[in-house]
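Good morning, colleagues. I would ask you to look at the sequence and the structure together before I turn to the aromatic residues and then to the domains.

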Amino acid sequence: MAESAACPAFQLGKPRYDQGSFFGRLRHFIDIIDPSTLFVSEKRLKECIKLLDDYKHDTLPPGVSDLQLWEAQKIKQAIIHPDTGEKIFMPFRMSGYVPFGTPIVIGLLLPNQTVVSTIIWQWLNQSHNACVNYANRNATKPTPTSKFLQGYVGAVTSAVSIAVGLNVLIQKANKLSPATRMIIQRFVPFPAVASANICNVGLMRHNELSEGIDVLDSNGNVVGSSKIAARHAIMETAFTRVVLPMPIFVLPPIIMSYLERLRFLQNNRRLLLPIHSLVCLVTFGLSLPVAISLFPQMSQIEVSRLEPEIAMATDCKVVTYNKGL
């Protein structure tokens, strides 16, 4: 009885936690980005896939609990692409986003950046983001590689241009003291990355604005293809991509500017980089699930706000669309 209260009955392909509340979405996405799934062996993965197949075909062995089924689904979803059925390359899985992205964040936030180092770190960051986006893309419809290349080039260009431009402006600001200049310089990565993320989402998903995205009724049937729903989906995703880097690129500089004044760290300068790395890792690990939990992945919109032909095609007041990540 205690287990059933803590663990809901298993539903194949459905989220374990309520997606109607922020806390439910947060718990769901913490599962999705759990880095422990990176260490799952090939044998364990095959066991999980077999367990889910047995459930699907009503051939489950006796004694298998709902908790075991939820864990098996979590592992499969973390490693296997839902559309292609192939393993996602480890650094580009959502569960690998924090551990593989943190060294890049540390590099972006290093003090006393040169123009060359700024370009290299911004390029690495957008390259990693582009690879994660591509590896976790919706692969139900073939998308031209040129679309992803456009998003990649646009994101890298905007990130590098803004970061280098701001750094040059700060260096030319003669009225600022060297200490003030260094503190402001540490905040440069945020506007650069945030604007690049918006550019990336807009370019990578531009075809959705022209073709629309499927909207579903309460029974999961496709009612039609809506450009208005596509615009909402892209705006929500873009907002998430602005919120995500905010704590990652704002909090560590504030925390480090305080810690660097401590006498202990002034006497032990070699500890600055490990402490800086830890601060970045913790901030990134907390920020990612919070940011992607702001909106449900399967969002809802009133039919009256959509195209007239969709309103005529269904009796539902509200339809659902996949916002994407």
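**Aromatic pairs and the domain interface**

Phe89 is exposed, because its relative accessible area of 54% lies over the 50% cut-off. Please bear in mind that the model is predicted.

How many aromatic pairs does the structure hold? There are five of them. In one, the ring centres of Phe10 and Tyr55 are 4.9 Å apart and the planes stand at 85 degrees, so this pair is edge-to-face. The two residues come from distant parts of the chain, 45 residues apart: Phe10 sits in the loop between α1 (2-6) and α2 (22-32), whereas Tyr55 belongs to helix α3 (residues 42-56). Phe10 is buried, at a relative accessible area of 5%, while Tyr55 is partly exposed, at 27%. Phe89, with which I began, pairs with Phe92; this pair is edge-to-face, with 5.3 Å from centre to centre and 75 degrees between the planes.

I now turn to the domains. The domain assignment gives domain 1 (22-80) and domain 2 (94-322). Their centres, taken over C-alpha atoms, are separated by 28 Å. Twelve residues from domain 1 and 15 residues from domain 2 take part in the contact. Between them, about 1,100 Å² is buried, and carbon and sulfur atoms give 72% of that area. On the side of domain 1, Arg25, Phe29 and Ile33 lose the most area to domain 2, together 52% of what that side buries.

Which polar links cross this interface? Four residue pairs are in polar contact between domain 1 and domain 2, and the rule finds zero salt bridges there.

Conventions: Residues are numbered from 1 along each chain as its sequence is written. This is a predicted model: local features need pLDDT of at least 70, side-chain atom pairs count only at pLDDT 80 or more; totals for chains, interfaces and linings use all residues. Side-chain values use heavy atoms; hydrogens and water are left out. Rings of Phe, Tyr and Trp (its six-membered ring) pair if their centres lie within 6.5 Å; planes under 30 degrees apart count as stacked, over 60 as edge-to-face and the rest as tilted. Helices (H or I, at least four residues) and strands (E, at least two) are DSSP runs, numbered from the N terminus. Buried means under 20% relative accessible area, exposed over 50%, partly exposed in between (1.4 Å probe, protein chains only). Domain bounds come from an automatic or database domain assignment. Contact means heavy atoms within 4.5 Å. Buried area is the accessible area (1.4 Å probe) that two parts lose on being put together, summed over both. A salt bridge is a side-chain nitrogen of Lys or Arg within 4 Å of a carboxyl oxygen of Asp or Glu. A polar contact is a pair of N or O atoms within 3.5 Å; within protein, one must be able to donate a hydrogen and the other to accept it, and residues adjacent in sequence count only if both atoms are side-chain atoms.
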